Amino acid sequence: MEIKKVDVAVLGGGPGGYPAAIYLANAGKKVALIEAKYVGGTCLNWGCIPTKALVTSVNLLRDIKNAESFGLHVSQAKADWPLMVAQKNEIVSGLRSSLDKLIRASGVEIIQGQGVLTSPKKIEVKGKTPTSMEADAIILATGSEPKDIKAFPFDGKFIHSSTTILDLESIPESILIIGAGAIGCEFASIFAALGSKVILVEALSRILPLECETISAAVAEGFKKDGIEILCGHTVEATKSLKDGIEVTLSDKRTLKVSCVLSAVGRRLNTDSFSAVPIKMEKGAVIVDEYLSTSVPGIWAIGDITGKMMLAHAATHQGITAARNILGEKVRMNYDAIPAATFTYPEVGSIGLTLEAAKKKGIKAKAYSYPFSALGRSLASRAPEGFAELVVEEDTGKIIGAQVVGHNACELIAIIGVALANEIPIECLADTIQAHPTFAEAWLEASLIACKTPLHFPKTLASKLTRG
Ligand code: FAD
Ligand code: NAD
């Protein structure tokens, strides 16, 4: 067994762990990154990147199929699924190889293998070269896995996880998706565009239940236009594999026969490898303070296992924050300005508080929106559906949240990310200049409405775009 001594050991090389390792190595620390599978973690290998490679293909397919509305005649647009999958895999492996080189070039030693925390300063790595690692500080960044449910267990044939669905052999004729969170909804959009009959089953009363109600409703409307059948307030009680598909029994006892099922009901946090050390946990997640320190001094935790926001960029920011604190700074993690981008059709971008969440917190707030249908750019782009909405604290004029749905929403939310991170008040946003014609003008118009100086909307009707 090889014995190694480092300043910092990072357990897990996903978007939480590897940025922390690079940051620390750049600051002169001796760092080891222990990774059981592939650097880049869920995000690069089975999450953000492969799904967005597929989303990009199907969005182009939609546009081509819709060519007439752009004044174009295009014949025979057809998805070649095996080619799409092969290209997706090529994108992932290319990125993975570049990332591996970047991490090593930063001076981080990558140790391949499954690490187990045996004491607060020790990790035993089972791998090609079994290693016993001693470190002054340890960052836990072990991420999460798809949650397997007894009533519909993954079999990789008829019942898929978000991982096995990525490499299906062919486009399913029909697919029932359990769970209408980000994963379920993104895959619903992908398969609907590919021509599958999609049934989306959600236990709660609306799809994308973490978004505000108006956003859920707008996405549901888009999904219905896409032919997606939405069954909210339902769960799946049982499944029965058939020769050529699967029979699904819903909570109302209805049975449906489909080609396959995607179970997307949430993620299980990978915490088994540090159960030997009494780190305080709550509801399966590691408890961390605002500096990302766990209850055990010298052990830090970041990413999905902290149960905060299961987003790659949130994990990365936590990683950098933990690294800076290990280096002796005292930096707090701020969750108020983390954007979320959901790559459905229509897309969704959101950040900070919704109006409803603000009210629940006792904050006096109003929401001001602007419809894409009133923008020159959205009409020119044949994309009039959607809107951008700003949530503003009444007493201070502080922007406390924003939501946007429609064309390019995932990119558009970035502007408000900058505004929120810098606590820019609504008057300052109203005083910015947005290029014309762009979708970003929706933020400017919404802020002008908030400041009672609407421009491209009649002042007398502006109350129609105000909530709260
Ligand atoms: P992970 O990325 O899960 O990485 C953890 C790493 O630790 C893994 O590589 C694992 O092999 C390794 N590991 C675990 N245990 C051990 C051990 N004992 N020893 C050694 N190594 C270990 N987020 C977004 O922001 N945008 C998106 O568009 C997006 N799309 C997604 C799509 C899908 C289908 C899924 C599933 C997720 C998506 N996410 C997205 C969420 C995002 O992938 C996660 O929030 C993010 O990857 C979490 O990062 P992490 O570093 O905490 O964990
Ligand atoms: P999730 O928790 O966001 O959604 C799961 C959904 O399944 C919930 O709406 C829940 O009510 C529903 N559900 C649970 N049990 C059910 C049952 N038995 N029957 C019917 N419905 C049931 O989880 P997810 O969609 O699996 O995503 C996991 C994480 O990955 C999320 O936190 C998400 O933020 C992240 N993610 C992000 C992106 C993105 O940023 N674009 C994309 C994909 C995933």
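1. In this predicted model, an oxygen atom of ligand 1 sits 3.2 Å from a polar backbone atom of Leu311. Ser144 has a backbone N or O atom 3.4 Å from an oxygen atom of ligand 1, and an N or O atom in the side chain of Gln114 is 3.2 Å from a nitrogen atom of ligand 1. A polar contact here is a pair of N or O atoms within 3.5 Å; within protein, one must be able to donate a hydrogen and the other to accept it, and residues adjacent in sequence count only if both atoms are side-chain atoms.

2. On its own, ligand 1 exposes 1,000 Å², and the protein buries 93% of that (accessible areas by the Shrake-Rupley method with a 1.4 Å probe; for residues, only the protein chains shown count as cover). Ligand 1 is surrounded by 38 residues, the closest being Glu35, Thr42, Lys52, Asp304 and Ala312 (a residue counts if one of its heavy atoms lies within 4 Å).

3. The shell around ligand 1 holds 15 nonpolar, 18 polar and five charged residues. Nonpolar means Ala, Val, Leu, Ile, Met, Phe, Trp, Tyr, Cys and Pro; charged means Asp, Glu, Lys and Arg; the others, Gly among them, are polar. Helix H2 (41–46) is one of the elements that supply at least two residues each, and the largest share, four residues, comes from H2. Helices (H or I, at least four residues) and strands (E, at least two) are DSSP runs, numbered from the N terminus.

4. For ligand 2, a backbone N or O atom of Ile183 lies 3.0 Å from an oxygen atom of the ligand, and one of Ala182 lies 3.3 Å from an oxygen atom of ligand 2.

5. The chain is assigned domain 1 (2–145 + 268–326), domain 2 (159–265) and domain 3 (346–467), with bounds from an automatic or database domain assignment. Domain 1 and domain 2 each give at least three residues to the shell around ligand 2.

6. Between domain 2 and domain 3 about 800 Å² is buried, 73% of it from carbon and sulfur atoms (buried area: the accessible area, 1.4 Å probe, that two parts lose on being put together, summed over both). Cys212, Thr214 and Ile215 supply 49% of the area that domain 2 buries against domain 3.

7. Residues are numbered from 1 along each chain as its sequence is written, and chains are lettered from A and ligands numbered from 1 in the order in which they are written. Local features need pLDDT of at least 70, side-chain atom pairs count only at pLDDT 80 or more, and totals for chains, interfaces and linings use all residues, while side-chain values use heavy atoms, with hydrogens and water left out.
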